[in-house]
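Colleague: I am new to this structure and would like to know what stands behind the words used for it. Could we go through them one at a time?

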Amino acid sequence: QVRLVESGGGSEQAGGSLRLSCTVSGYTISRSCLAWFRQAPGKQREGVASITTDNSITHYTTDVKGRFTVSQNNAENTVYLQMNSLKPEDTAMYYCAARIPGDCSRGILGSVMFQYWGQGIQVTVSS
């Protein structure tokens, strides 16, 4: 059974940094697409960043380019989202998602393409 567990969220002031972790169990993250989504109150869930674990190709939504970095650690079966220069508009529930097997080298896939989801973790950025 594949399970995704997020950690590392919390509260931060604008301009600060947080790092989210997504640890996968029940499957080795090779040959998969791992992505981060977020959903703010009253808004639709949006894809933030993704990584194809076979080739480490990454994609980002426009709002976070240059501020967020997605990376993988195969030895720990974990994907990270480093979030720098945080803004109040980054406040949301963040979800890790996996498409297994999967390839998202061409861009961030829609949420319906992912079979597995974490429980979500809150990120709050104050001004």
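Modeller: Gladly, starting with strand E1, which has a covered face made of Leu4 and Glu6 and an uncovered face made of Arg3, Val5 and Ser7. This is a predicted model, where local features need pLDDT of at least 70, side-chain atom pairs count only at pLDDT 80 or more, and totals for chains, interfaces and linings use all residues. Residues are numbered from 1 along each chain as its sequence is written, and side-chain values use heavy atoms, with hydrogens and water left out.

Colleague: What makes E1 a partner of E3?

Modeller: Strands are DSSP runs of at least two residues (helices, H or I, need at least four), numbered from the N terminus. Two strands pair if DSSP finds at least two bridges between them. E1 and E3 have 5 bridges, so they pair, in the antiparallel sense. Within this pairing, Val5 stands opposite Thr23 in E3.

Colleague: Why are E1 and E7 said to stand at the edges?

Modeller: The open sheet has 4 strands in the order E1-E3-E8-E7, with antiparallel pairing. Strand E1 (3–7) and strand E7 (68–73) each have a single partner strand, so one side of each is left without a neighbour in the sheet. The twist averages 15° from one strand to the next, an angle between N-to-C directions on a scale from 0 to 180 degrees, with axes fitted to C-alpha atoms. E7 is joined to strand E8 (residues 78–83) by 6 bridges, and these two run antiparallel. Here Asn73 stands opposite Thr78 in E8.

Colleague: Why is Ser21 called buried?

Modeller: Buried means under 20% relative accessible area, exposed over 50%, and partly exposed in between (1.4 Å probe, protein chains only). Ser21 has 11% relative accessibility, so it counts as buried. This residue lies in strand E3 (residues 18–25). Leaving aside neighbours within four places in sequence, Ser21 has contacts (heavy atoms within 4.5 Å) that include Val5, Trp36 and Tyr80.

Colleague: What makes Ile29 buried?

Modeller: Ile29 has a relative accessibility of 1%, so it falls on the buried side of the cut-off. Its place is in the loop between E3 and E4.

Colleague: What is noted about the phi of Arg31?

Modeller: Most residues other than glycine have a negative phi, and most peptide bonds are trans. Arg31 is not a glycine, yet has a positive phi of about 55°. At 55% relative accessibility, Arg31 counts as exposed because the cut-off is passed. Ser56 also has a positive phi, near 60°, and lies in the loop between strand E5 (46–52) and strand E6 (57–60). With a relative accessible area of 41%, Ser56 is partly exposed.
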